[in-house]
Amino acid sequence: MKARLVTIGRFKSGAEGALFAQYNARLRPPLELTEIPEASGSPAEARRREGAAILAALPANALLVALDLGASAPSSEALAQLTERWEAAARPLCFAIGGAEGLDPAVTQRAEHRLSLGPLTWPHLLVRALLAEQLFRAQCIRANHPYHRAWRP
């Protein structure tokens with residue numbers, strides 16, 4: 001499943017970037033990463049500008065999945081089923097991660113699916129690694145690879 005990750009903020013050298021790179025390298029094919037600089041201004045204005053930049057970075061006819069704390073958090077097995085459905089749509093798949101102010105409503109309204117990685121608040125750079133790991137896990141589940149270990153509580 002070819003997919004793109006469109007995200008606010010840029011990696012600097014550090015553990016978060018290395019962790020994302022580690023899991024992204026396991027994906028087949030790896031996520032394409034599009035980094036958008038953080039916008040300045042009031043929180044509302046920055047979020048609006050960042051949202052416009054995210055939407056501008058999407059390919060035509062993209063199936064957009066917005067990472068949103070307020071969305072539902074599927075199990076890993078359910079995410080594997082979702083990825084199968086998204087892949088079957090045969091459209092460019094894009095995941096969007098907002099900046100410190102979250103995603104602009106224009107992005108969440110454009111999204112065809114909203115996805116949460118759970119109720120905890122995560123640093124945006126760690127969310128990239130968590131998403132890559134969960135997408136890798138979904139690939140393993142779909143391929144019946146033992147990485148997931150579904151038998152464990």
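# Exercises on a predicted model

Helix α1, residues 15-26, has 12 residues and reaches 17 Å from its first C-alpha to its last, close to the 16 Å expected at 1.5 Å a residue. Helices (H or I, at least four residues) and strands (E, at least two) are DSSP runs, numbered from the N terminus, and the expected span of a helix is 1.5 Å times one less than its number of residues.

This is a predicted model, in which local features need pLDDT of at least 70 and side-chain atom pairs count only at pLDDT 80 or more, while totals for chains, interfaces and linings use all residues. Residues are numbered from 1 along each chain as its sequence is written, and side-chain values use heavy atoms, with hydrogens and water left out.

## Exercise 1: the buried side of α1

Find which residues of α1 are buried, and what they pack against.

Step 1. Apply the cut-offs: buried means under 20% relative accessible area, exposed over 50%, and partly exposed in between (1.4 Å probe, protein chains only).

Step 2. In α1, the residues Gly17, Phe20, Tyr23 and Asn24 are buried. They lie on the same side of α1, because they cover an arc of only 135° around the axis; the arc is that of the directions from the helix axis to the C-beta atoms.

Step 3. Now look for partners, where contact means heavy atoms within 4.5 Å. The buried residues of α1 pack against β1 (3-8), β2 (32-36) and α5 (124-142).

## Exercise 2: aromatic rings

Search the whole structure for aromatic pairs and classify each.

Step 1. Rings of Phe, Tyr and Trp (its six-membered ring) pair if their centres lie within 6.5 Å; planes under 30 degrees apart count as stacked, over 60 as edge-to-face and the rest as tilted.

Step 2. The search finds two pairs. Phe11 and Phe20 have ring centres 5.8 Å apart and planes at 35°, so this pair is tilted. Phe20 counts as buried, at 5% relative accessibility.

Step 3. The pair of Trp86 and Phe95 is edge-to-face, with 5.9 Å from centre to centre and 70° between the planes. Trp86 is buried at a relative accessible area of 4%, and Phe95 is buried at 0%.

Step 4. Return to Phe11: the charged end of Arg128 sits over its ring, 4.2 Å from the centre. The criterion is NZ of Lys or CZ of Arg within 6 Å of the ring centre and within 35 degrees of the ring normal.

## Exercise 3: helix α5
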